[in-house]
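Please keep the structure open while reading.

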Amino acid sequence: MKAGALELGHASKITSSIPKSGVNRGMSILDLFIRIIAIIATLGSAIAMGTTNETLPFFTQFVGFKAKYNDLPTFTFFVVANAIVSAYLVLSLGLSIYHIMRSRAQASRIALIFFDAAMLVLLAAGASASAAIVYLAHKGNTKTNWFPICQQYDSFCHRTSGSLVGSFAGVVLIILLIFLNAIALSRPSLIH
């Protein structure tokens with residue numbers, strides 16, 4: 001009877017250690033998948049904003065008013081921030097793949113959390129500043145005589161608003177990446 005209890009205790013110890021390693025590997029695969037989606041969101045936002053321009057004819061088709069993303073430094077910062085975060089996410093794919101192969105790696109996860117947090121701050125700053133400008137373009141501010149321009153520059157406003165959606169989706173995805181790596185770090189390492 002004692003031998004049976006000893007075997008049962010030994011068997012349960014082995015089966016409980018297997019899923020922990022599998023869970024970390026599963027979280028690493030999810031990390032890779034989320035990074036790829038975040039690359040698409042941030043790169044798409046940078047491209048959409050960077051190619052945004054619209055010309056309204058004034059008297060003739062040769063004379064017109066132009067609205068371009070680089071007319072406003074905030075939109076330029078938005079494009080640069082999204083491009084930097086996209087490049088970082090592409091470079092971090094290597095560490096994400098490394099974590100799939102070695103799910104117990106800790107130092108590289110700490111580095112990813114640190115750099116993910118820095119990229120989160122950069123992306124959130126660019127998206128938030130641009131959101132304020134897009135809000136002014138849609139609503140205006142009558143107290144300062146800033147009139148809404150989206151009634152005239154409809155395509156420009158739609159593209160800038162769409163690129164903001166992609167950028168804020170990138171912010172949410174990077175927050176998820178930070179949580180995933182923090183959870184993977186907090187799991188007790190398995191000693192064989």
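H2 and H3 are roughly antiparallel to each other, because an angle over 145 degrees counts as such and their axes cross at roughly 160 degrees. Those axes come within 9 Å. The crossing of H2 past H3 is left-handed. By class, the H2–H3 contact holds 19 nonpolar, seven polar and two charged residues. The model is predicted.

**Overall layout**

The protein chain has four helices and two strands. Read from the N terminus, the order of elements is α-β-β-α-α-α. The chain has 192 residues, and buried residues make up 34% of them.

**Helix pairs**

Two packed helices are described by the angle between their axes and the distance between the axes. The table gives both values for the pairs treated here.

| Pair | Angle | Axis distance |
|---|---|---|
| H2 and H3 | roughly 160 degrees | within 9 Å |
| H3 and H4 | about 155 degrees | 9 Å |
| H2 and H4 | about 40 degrees | 12 Å |

H3 covers residues 107–139, and H4 covers residues 154–186. Their angle is about 155 degrees. H3 and H4 are therefore roughly antiparallel to each other. Their crossing is left-handed. The residues of the H3–H4 contact divide into 22 nonpolar, eight polar and two charged.

How do H2 and H4 lie to each other? Their axes are 12 Å apart, at an angle of about 40 degrees. That angle makes H2 oblique to H4. H2 passes H4 in a left-handed crossing.

**Helix geometry**

H2 runs over residues 73–101, which is 29 residues. At 1.5 Å a residue, H2 should span 42 Å. The end C-alpha atoms of H2 are 43 Å apart, so the span agrees. H2 also has a kink of about 30 degrees, centred on Ser92.

Ser161 is found in helix H4. Ser161 and Ser130 are 31 residues apart in sequence. In space, their C-alpha atoms are 9.2 Å apart.

**After H3**

Just after H3, Gly140 takes a positive phi of about 75 degrees. Most residues other than glycine have a negative phi. Asn145 is not a glycine, yet its phi is positive, at about 60 degrees. Where is Asn145 placed? Asn145 lies in the loop between H3 and H4. Is Asn145 buried or exposed? Asn145 counts as exposed, because its relative accessibility is 55% and the exposed class begins over 50%.

Note on methods
Residues are numbered from 1 along each chain as its sequence is written. This is a predicted model: local features need pLDDT of at least 70, side-chain atom pairs count only at pLDDT 80 or more; totals for chains, interfaces and linings use all residues. Side-chain values use heavy atoms; hydrogens and water are left out. Axes are lines fitted to C-alpha atoms, for helices over the stretch in contact, and angles run from 0 to 180 degrees between N-to-C directions. Angles under 35 degrees count as roughly parallel, over 145 as roughly antiparallel, 65 to 115 as roughly perpendicular and the rest as oblique. A crossing is left-handed if the near helix is turned anticlockwise from the far one by less than a right angle, and right-handed if clockwise. Ala, Val, Leu, Ile, Met, Phe, Trp, Tyr, Cys and Pro count as nonpolar, Asp, Glu, Lys and Arg as charged, and the others, Gly among them, as polar. The expected span of a helix is 1.5 Å times one less than its number of residues. The bend at a residue is the angle between axes fitted to the seven residues ending there and the seven starting there. Buried means under 20% relative accessible area, exposed over 50%, partly exposed in between (1.4 Å probe, protein chains only).
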